[in-house]
Amino acid sequence: MSSEKKLVVAPWFYKTWLLLVDPIAYMQEIAKLGDFVKVRGVLGFYLVNHPELIKLVSKDKNDNINRDNIIYNRLKGVSRTGLVTSEGEYWQKQRRTMNPLFTPRTVKSFIDKMVAASLLRVDHWEKLCDSGEVFNASKEMDRLTLEINGACLFNANLKHVYDDLQKSFDYINRYMEMIPLPIISESWFPSPSNIKLKRTVKKVDIYIDSLIAERKGNLDDHDDFLTALMRAKDEETGESMPDWAVRHEVLVAFIAGYETASTALCWAWYHLHDNPDVEEKLIAELTDVLGDRVPTLEDIPKLVYTKMFAEEVLRISPSAWLNGKTTVEDDEYWGEKIPGKSLMMIILPCIHHHQRYWDDPEKFMPERFLPNSVKARDPFAYVPFGGGPHVCLGKHFALQELIIGIAVLAKRFKLVVEPDFKPVASAGISTAPKYPFMVRAQRRT
Ligand code: HEM
């Protein structure tokens with residue numbers, strides 16, 4: 001592959017068949033042609049696979065970028081005015097109001113809730129150890145992140161609605177993974193899947209609205225994201241959010257954070273299983289820092305290897321695999337005129353495995369995230385949470401959630417992966433394991 005900074009045009013229909021069978025492998029084939037590749041056809045796009053270009057698209061030229069494309073339009077039926085799909089001044093105002101609710105300092109207030117949700121899994125896994133049952137780790141991680149999100153985002157005792165909510169969120173995720181056929185997939189088109197989506201979203205809306213109504217009389221009794229949103233005021237205008245905006249943002253945070261974090265935790269278990277040397281170092285740190293305790297606020301900065309482990313999971317198996325942004329007006333990238341309405345694709349499994357930025361990229365090595373290695377690398381070669389003004393709102397929340405989930409569960413249990421498990425990532429809304437991730441839990445002695 002050429003290291004020249006120039007646009008390469010892929011031949012017509014270049015390996016298009018692969019796009020239908022394995023979209024991630026297809027993108028990896030396109031990336032072999034160059035760091036900036038124009039792909040022509042029904043789904044015309046530009047692959048941007050160089051940190052400099054990723055920075056241009058995500059940050060420096062963000063004013064000339066929007067999310068009006070086949071990927072984001074699919075999310076609009078769920079997110080509506082939420083941060084994930086809103087644009088322009090409205091997005092700016094909402095983001096300005098919500099940024100302070102998700103700083104590294106503010107997410108620390110969620111530690112105890114994250115630990116409590118992880119301990120619920122500990123109780124359940126104790127039983128699974130006794131019975132020796134083989135179980136699907138993906139379902140367990142879904143449950144864990146659902147419980148964490150439920151507790152931190154709206155502090156509700158969700159026990160009685162979990163199964164119902166999980167079904168709703170599972171459908172919303174499945175919907176977003178459907179092939180984005182033009183028109184049919186626009187949220188206004190009355191296809192059976194869109195009608196079912198509307199019904200499902202309505203159900204979740206009713207649930208969130210009931211929480212908002214209940215909260216109105218006793219805001220002081222709660223310390224969750226919902227309450228913070230209801231209290232939040234725009235620092236410029238002093239306005240609070242109307243109820244419908246609160247509802248959309250809570251739902252978006254829930255959806256954006258549930259499956260992505262669950263997927264990261266699944267791959268964390270897989271990489272632990274696959275790398276006994278890493279497992280040994282991780283357990284040594286957890287034993288040293290925590291002994292038999294669960295993690296507290298003071299422990300988090302000491303869990304250095306655990307954090308690097310989580311970061312390496314998000315490099316080698318990024319939960320979000322594609323980030324598509326659209327140019328608004330004609331613009332120049334690396335001296336090439338790129339027309340307005342062009343789809344610029346950042347494909348995480350490509351840039352995170354790029355030989356130029358990662359030594360031996362297929363090797364799982366948490367040490368890549370030692371401070372000196374991070375300093376020496378272009379920050380836009382590692383974008384599990386995106387970058388620039390749209391960088392993931394829940395980035396610090398998610399990293400903390402991964403550290404706590406791993407610290408509480410991996411300290412107590414080893415998951416033995418069934419020998420016939422094929423570690424293939426799906427190319428849906430997340431890269432969750434494509435095949436059932438069947439495991440057996442063993443107590444660590
Ligand atoms: C491992 C877990 C997660 C991963 C890998 C992840 C990844 C991402 C990525 C790649 C983006 C797109 C950024 C861009 O366009 O440049 C994003 C946006 C977003 N994420 Fe996350 N996310 C995670 C967890 C969360 C959580 C827990 C929350 C909320 C509590 C959240 C809320 C959001 C929101 C609201 C946006 C839209 C931001 C905007 O456009 O202003 N995410 N996330």
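Helix 13 gives the most to the shell around the ligand, with seven residues. The model is predicted, so local features need pLDDT of at least 70 and side-chain atom pairs count only at pLDDT 80 or more, while totals for chains, interfaces and linings use all residues. Residue numbers start from 1 along each chain as its sequence is written.

**Ligand shell**
- The ligand is surrounded by 25 residues.
- The closest are G257, T260, G386, C392 and G394.
- Helix 13 and helix 18 (395–412) each supply at least two residues of this shell.
- By class, the shell has 15 nonpolar, nine polar and one charged residue. Nonpolar covers Ala, Val, Leu, Ile, Met, Phe, Trp, Tyr, Cys and Pro; charged covers Asp, Glu, Lys and Arg; the others, Gly among them, count as polar.

**Whole chain**
- The protein chain has 18 helices and 11 strands. These are DSSP runs, numbered from the N terminus: helices are H or I with at least four residues, strands are E with at least two.
- The radius of gyration of the protein chain is 22 Å, close to the 22 Å that the globule rule gives for 445 residues, so the chain is as compact as a globular protein of that length. This radius is taken over C-alpha atoms, and the rule is 2.2 Å times the number of residues to the power 0.38.
- Along the principal axes, the C-alpha atoms fill a box of roughly 60 × 55 × 45 Å.

**Helix 11 and helix 13**
- Helix 11 (residues 192–216) and helix 13 (residues 243–274) pack at about 120°, with axes 10 Å apart. Axes are lines fitted to C-alpha atoms over the stretch in contact, and angles run from 0 to 180 degrees between N-to-C directions.
- That makes helix 11 oblique to helix 13. Angles under 35 degrees count as roughly parallel, over 145 as roughly antiparallel, 65 to 115 as roughly perpendicular and the rest as oblique.
- V204, D205, I208, D209 and I212 in helix 11 meet D243, V246, R247, V250 and L251 in helix 13. Contact means C-beta atoms, placed from the backbone, within 7 Å.
- These contact residues divide into six nonpolar, no polar and four charged.

**Helix 14 and helix 15**
- The axes of helix 14 (residues 276–290) and helix 15 (residues 304–316) come within 8 Å and cross at roughly 140°.
- Helix 14 is therefore oblique to helix 15.
- V278, K281, L282, E285 and L286 of helix 14 make the contact with Y305, T306 and F309 of helix 15.

Notes: Contact = placed C-beta atoms within 7 Å. Near = placed C-beta within 6 Å.
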